[in-house]
Structures are given as C-alpha cells and as structure tokens.
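The exercises below are meant to be worked with the sequence and the 3D view side by side. Try each task before reading its solution.

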Amino acid sequence: MRILFAEDDRDLSRAVKALLEHSGYSVDVVDNGLDAVDYAESGAYDGLILDWMMPGLSGVQVLEKLRGRGNAAPCLMLTARDAVEDRVTGLDAGADDYLAKPFATSELLARVRAMLRRKTDYAPDVLRFADIELDRAGMVLRCGSQEERLNNKAFQLMELLVERPKVVHSIDQIMEKVWGWDSESEVNVVWVNISQLRKKLKQMGSRVDIKATRGVGYSLEAQ
C-alpha cells in the first residue's frame with residue numbers, strides 16, 4: 001500500500017519513512033503543504049499522514065483542500081498540539097485519526113493499519129488466491145507448508161497482484177503503485193522482481209504464476 005507522508009522535520013520524516021517501508025509500505029515524503037496537495041492529487045495513495053504545522057499550508061489546510069476537491073484518502077494527522085479543540089479542528093477538517101507527538105512507533109503503525117482498513121469495507125491481514133496466501137503482517141508468502149518472507153518491494157508487488165488477480169497491471173501502474181511516481185528506479189526493477197517472485201512460486205510448488213501479456217503488463221493466474 002502507498003502512503004504520502006508530509007512532515008517538515010527531516011530527521012523525523014526519514015525515521016518514519018524507514019519504519020513504514022520496513023513494515024511493507026511504499027512511502028512518498030514531502031516537507032511542505034503545497035507539495036502535499038500536489039502529490040496527493042497526482043498519485044493514487046491509500047493513505048495520508050500529515051503534520052499539522054508545515055510551511056506553505058498547514059496539515060489542516062491541506063486536508064480541507066483535498067476533501068473539498070473530492071479526495072477521500074484516509075488521513076492520520078500528526079501534531080504536537082494535543083488540546084481538545086485542536087483535535088476537534090483536525091477531525092472536522094476530514095482527518096480519520098489523530099496522533100500527538102512524541103509517539104511510540106508501535107502506536108503509529110497500529111494507527112496506520114487501522115486507517116488503511118477504513119479505506120475499504122475491510123482489508124484482511126491475509127490475502128488468498130488459489131493455493132497461496134500473502135500475510136500482510138509478516139510480509140510472508142505461503143503455499144501449503146512452504147513460506148517465504150518477502151522484501152519490501154517484492155511484497156508490495158505481490159500484494160498488488162493478489163489483491164486483483166487475473167487483472168493485467170501495466171508496467172507504469174506497477175511503477176507508480178510500488179516504487180512511486182517520482183522514483184529514480186528504472187523499469188527493469190519490475191522485471192527483476194517479477195522474475196524473483198516467479199522463482200519463489202515455482203520453488204514452493206504453487207500452481208500460481210505471474211503471466212506476462214506482451215505489450216500490456218502482468219497478471220496473477222492459476223493453472
């Protein structure tokens with residue numbers, strides 16, 4: 001899943017980005033409210049984490065603009081302002097949750113998981129297709145008694161495919177969703193990760209394969 005994190009404290013943003021990526025999320029980071037609006041409107045984000053106080057526009061102003069333009073991505077507001085009236089202001093602006101600084105990393109991750117579950121009716125922790133399971137909590141791919149822990153990008157790619165099996169995803173869609181639209185990575189990272197996932201599925205004895213549709217993209221299919 002892809003998250004936009006807007007925070008002007010560079011040390012905090014680097015730490016939270018590393019934490020979220022280690023937990024299997026794809027993260028784009030901006031350090032001001034104006035960029036937060038631009039990124040949120042340009043990319044398909046599953047969730048937003050906005051700092052209250054930022055240059056350009058505050059987190060509340062960013063959220064008001066996005067909600068006014070029909071952007072319904074769930075949002076967690078981070079702030080050192082913990083007065084009741086401040087929490088009410090953030091929630092009334094369209095935030096789904098509120099976390100005061102300083103915060104424990106375990107609580108941040110729990111609130112992010114809860115926020116993303118609210119994006120749809122319910123997002124299960126374990127995705128299933130044919131004879132495989134993808135455990136979101138541990139970033140583990142399973143087939144019968146075999147299991148393999150995936151790295152961050154391989155997990156996100158597999159998650160994208162398992163969430164919508166038999167749907168063909170273009171290279172551009174995969175690059176945007178998994179690596180981010182402003183990523184400096186080359187498209188060959190998709191091919192490399194697809195190849196590695198195919199090998200893992202074969203080694204596990206799964207009847208699931210990642211099918212290439214020439215000139216179109218990739219889809220998850222069961223034999």
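**Exercise 1.** In what order do the five strands of the open sheet with parallel pairing lie?

Before starting, note that this is a predicted model, in which local features need pLDDT of at least 70 and side-chain atom pairs count only at pLDDT 80 or more, while totals for chains, interfaces and linings use all residues. Residues are numbered from 1 along each chain as its sequence is written, and side-chain values use heavy atoms, with hydrogens and water left out.

*Solution.* Begin with the terms: helices (H or I, at least four residues) and strands (E, at least two) are DSSP runs numbered from the N terminus, and two strands pair if DSSP finds at least two bridges between them. The order across the open sheet is then β2-β1-β3-β4-β5, with parallel pairing. Next, locate the edges, which are β2 (26-30) and β5 (97-100), each pairing on one side only. Finally, the twist from one strand to the next averages 20°, where axes are lines fitted to C-alpha atoms, for helices over the stretch in contact, and angles run from 0 to 180 degrees between N-to-C directions.

**Exercise 2.** Describe the pairing of strand β1 and the surroundings of its residues.

*Solution.* Take the partners in turn: β1 pairs with β2 in the parallel sense over five bridges, and R2 has S26 as its bridge partner in β2. Strand β1 (residues 2-6) also pairs with strand β3 (residues 47-51), in the parallel sense over four bridges, and here F5 stands opposite I49. Now consider burial, where buried means under 20% relative accessible area, exposed over 50% and partly exposed in between (1.4 Å probe, protein chains only). Five of the five residues of β1 are buried, so the strand is largely enclosed by the rest of the structure. In a regular strand the side chains alternate between the two faces of the sheet. Accordingly, check each face of β1: R2, L4 and A6 are buried on one side, and I3 and F5 on the other.

**Exercise 3.** How do helices α7 and α8 cross, and at roughly what angle?

*Solution.* The axes of α7 (residues 171-179) and α8 (residues 188-203) come within 10 Å and cross at roughly 85°. That makes α7 roughly perpendicular to α8, since angles under 35 degrees count as roughly parallel, over 145 as roughly antiparallel, 65 to 115 as roughly perpendicular and the rest as oblique. To finish, list the residues that meet: I171, I174, M175 and W179 in α7, with V189, V190, W191 and N193 in α8.

Technical notes:
Contact means heavy atoms within 4.5 Å.
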